[in-house]
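Trainee: Can we go through this model together? I would like to start with the overall picture and then look at single residues.

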Amino acid sequence: MWKERLTDAARHTLLAGYYYAGKPLRRLSARRRARDGMCPVSILFYHRVADTYPNDWTISTQGFAQQIDWLERHFELISLAEAQTRLRTRCNRRPAVAITFDDGYADNSQFALPLLVRRRIPVTYFVTTRHILETEPFPHDVARGEPHKPNSIDELREWAADGIDIGAHTRSHADLGMLQNPQALHDEVVTAGEEMQAALQRPIRYFAFPFGQHENLNAAVFHMAYDAGYDGVCSAYGGYNFPGEDSFHLQRFHADPSLLRLKNWLTVDPRWVDIPRFNYAQQNVSAADPTSEAHIAPNPAFNPPEKS
């Protein structure tokens, strides 16, 4: 344990040196981007905000409040819909951040969501259908001996009434990068979203991949989500969204519990600017027909148009 703490401290020291040494150049770059209307739209994702059972996907209430305070001072906090508008119009003159959550933990109803609603900060809250409708803990929590309670559907209805945008996150928190069967994909992406929409009696406009790294993404899902009427799809491997880039696929950063690491990402770390985007446009499937056994085939022309 002491070796891990020593390593964490050393990493923090190195990152601090890197971040503060590069701040003057980052300020110059930020002014240039603002002048040219090319400020990035960064999208963050959280999972669980709580002071018990700390882990890699949990941030303390104090840590979360500190991050939100810093974000409000330095960024325009916007919705995913507004983020897409700025990407499509190819102009964003002020650094902007959109906030999202994944999975749907009941603990978020105690502090995080009330804080965001009170401050009128837009948020999209992605939930997995089975765990919400059946109040079933997530397998990764059960495996750790920490079966955290998911939100109930009644809680989600109340938060939706308060302005929280509820999004789809599959039925079972499946790794869609490993799933190729068209019927199974349709159930996880489309049917599960429709069932959540019916339970909430509100539209589900966005979809987020569980895990969300390149290996967890699936080109078929992007096409399927578009055909099903989703307004956008979120990944989770990092990367900035610059004006003029794809507004259907929204890249997200994990809102790390470290405020320093968050500052480093959101002030545009040059090392993260050129992260390759997942290229779903080169592949296609017969997504509109879930009974089709068609396999992925090249289709370089696929490029989702702006939804009206």
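Mentor: We take the chain as a whole, then some helices, then some residues.

Trainee: What should I know about the source and the numbering?
Mentor: This is a predicted model, where local features need pLDDT of at least 70, side-chain atom pairs count only at pLDDT 80 or more, and totals for chains, interfaces and linings use all residues. Residues are numbered from 1 along each chain as its sequence is written, and side-chain values use heavy atoms, with hydrogens and water left out.

Trainee: What pLDDT does the chain average?
Mentor: The average is 90, and 89% of the residues score at least 70; pLDDT is the predictor's confidence in each residue, from 0 to 100. Over residues 285–302 the pLDDT is below 50, and this stretch has 36 contacts in the model beyond near neighbours in sequence. Contact means heavy atoms within 4.5 Å.

Trainee: How many helices and strands?
Mentor: The chain has eleven helices and 13 strands. These are DSSP runs numbered from the N terminus, with helices being H or I of at least four residues and strands E of at least two.

Trainee: And how much of the chain is buried?
Mentor: Buried residues make up 52% of the 308 residues. The cut-offs are under 20% relative accessible area for buried, over 50% for exposed and partly exposed in between, with a 1.4 Å probe and protein chains only.

Trainee: On to helices. Which residues of helix 3 are buried?
Mentor: In helix 3, residues 80–88, they are Leu80, Ala83, Gln84, Arg86 and Leu87. They lie on the same side of helix 3 because they cover an arc of only 160 degrees around the axis. The arc is that of the directions from the helix axis to the C-beta atoms.

Trainee: What follows helix 3?
Mentor: Arg90 follows helix 3 and has a positive phi, near 60 degrees.

Trainee: How do helix 7 and helix 8 pack?
Mentor: Helix 7 (residues 153–161) and helix 8 (residues 182–200) pack at an angle of about 70 degrees, with their axes 10 Å apart. Helix 7 and helix 8 therefore count as roughly perpendicular, the class for angles from 65 to 115 degrees. Ile153, Leu156 and Arg157 of helix 7 make the contact with Met196, Ala199 and Leu200 of helix 8.

Trainee: What about helix 10?
Mentor: Helix 10, residues 259–266, is mostly covered, with six of its eight residues buried. Those buried are Leu260, Leu262, Lys263, Asn264, Trp265 and Leu266. Val268 follows helix 10, and its phi is positive, near 70 degrees.

Trainee: Where is Asp103?
Mentor: Asp103 is in the loop between strand 5 (96–101) and helix 4 (112–118). Its relative accessible area is 1%, so Asp103 is buried. Leaving out residues up to four places away in sequence, Asp103 touches several residues, including His47, His140, His169 and His173. Asp103 is not a glycine, yet has a positive phi of about 90 degrees.

Trainee: Is Thr135 buried or partly exposed?
Mentor: Thr135 is partly exposed, at 46% relative accessibility. Thr135 sits in the loop between helix 5 (129–133) and helix 6 (139–142), with a positive phi near 45 degrees.

Conventions. Axes fitted to C-alpha atoms, helices over the stretch in contact; angles between N-to-C directions. Parallel < 35°, antiparallel > 145°, perpendicular 65-115°, else oblique.
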